Amino acid sequence: MRAPHSSLDVPLSSGPVSHHVQVGASTGWWRHQFPVYSPLSGAALLAGAGAVARADGGEAAGTRVMALLAERYSAKAVLLTDSGTAALTAAIMGVLEERVGSAVALPAFSCYDVATAADGAGAPVILYDTDPHTLAPDAASLRAALRRGAGAIVVAHLYGYPVDLVEIAGLAGETGAVVIEDAAQAAGATLGGRPAGALGSLSVLSFGRGKGLTGGSGGALLAHDEVGARVVERVRGLLRDAGRGWRDLAALAVQLLLVRPTLYSLPAALPFLRLGETIYREPRSLRAPSAASCSVLAATWTLAERELDARRRHAARLLVELGRQRRFETIRSPDHARPGYLRLPVLAPAMARHAVAGGAARRLGIMPGYPKALCDLERFGARALNRDADFSGSRLLAARLCTLPTHGRLSPGDLARLEQWIRAVGKG
């Protein structure tokens, strides 16, 4: 999907924007829409509390979650972790233990937790560029990373937009590299009718509070072939116990309380919480999920399916308005793909950076994308063996990408205000 006109040739600018971009103030300072939402219920919280209270609650819930994941993703082996970052760390560690002396290839534009996972695994890193039109790997850049000695490739489905892994698997097969599919943000996306997260040798899922399907925290590493199954068994013994999960339960209770725009404005107004900021996190030890997380995850399984339908409806409506504005460019996806629209990514006009980061946009749930490419992260970039290579696509995404909310808590009025913002910024 793409708007009728691409504005990628417009030079970057940080200058002021037109006063016409000031949209959303009429909604009131007290109303603050969240950028992403995972459905939760009181019944799910009660299920989590019950699991924490019972001695075997976490084990029973974990067994159920593993069965659900194995069925949905046709997985040969499943390993549950306390986060998607832990699952990715374990995947990289396991693969590079088989391919001693090789490096891991990472997308230069991605969630900073991808960098944290590579740090946690102690892995040498080779970056490859990202196509700003599709959020998929740049084929030439990825091929160069493989020639340089990458034994594992991490491919991420960002914002619910699936990447077609067929060409990537072909490139990996030429050198024997293992494809690790980072489906932490896949959010129900499919390719050819198969769920994103079922397509790599190994797949990583995240069940954090903003991933569509949530346990408050948690992640999973899935194996889809014999190589992947060996990796899962190799790292299974590395996980430490996460405990019962009272802290997870308390965080989920706060989340359930604040899923109203008029209440979300309270934490959004507290700068020390750093809500909406993209932060590099230091690696942690690998842990299993808590009993509370597994129980809540199982209880919200069907809620996430309904949320997926709502995101797709809302994205379809916003894409119509974006398509009318020549100064926006939407992201293309493969013809046989169906995005999950965790958020709606779009390349905003170069001169609209202040509008994207401004208070009116934040109150509507509009957020800038990742503000830096991984090669430009001071605390990570030095790990990359090819830090000085050309990552122009990734840097353009860091400068221009923003995301619009699509979640099921958006009201008709919220959608109308988002359309108004699109028109105002599109006209400049």
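Colleague: Which residue in β3 is the bridge partner of Leu-106?
Modeller: The bridge partner of Leu-106 in β3 is Leu-127. This is a predicted model: local features need pLDDT of at least 70, side-chain atom pairs count only at pLDDT 80 or more, and totals for chains, interfaces and linings use all residues. Residues are numbered from 1 along each chain as its sequence is written, and side-chain values use heavy atoms, leaving out hydrogens and water.

Colleague: Why are strands β2 and β3 said to pair?
Modeller: Strands (DSSP runs of E, at least two residues, numbered from the N terminus) pair if DSSP finds at least two bridges between them. Four bridges join β2 (residues 103-107) to β3, so the two strands pair, and they run parallel.

Colleague: What makes β1 and β3 edge strands?
Modeller: The open sheet has seven strands in the order β1-β9-β8-β5-β4-β2-β3, with mixed pairing. Strands β1 (77-81) and β3 (125-128) each pair on one side only, and these are the edge strands.

Colleague: Why does Ser-293 count as buried?
Modeller: Buried means under 20% relative accessible area (1.4 Å probe, protein chains only), with exposed over 50% and partly exposed in between. Ser-293 has 3% relative accessibility and therefore counts as buried. Ser-293 lies in helix α10 (residues 291-299), a helix being a DSSP run of H or I with at least four residues.

Colleague: Which residues are in contact with Ser-293, leaving aside its neighbours within four places in sequence?
Modeller: Contact means heavy atoms within 4.5 Å. With those neighbours left aside, Ser-293 is in contact with Gly-215, Ser-217, Gly-218 and Asp-248. The Ser-293 side chain reaches the backbone oxygen of Ser-217 at 2.6 Å.

Terms used. Polar contact = N/O pair within 3.5 Å; in protein donor to acceptor, adjacent residues only side chain to side chain.
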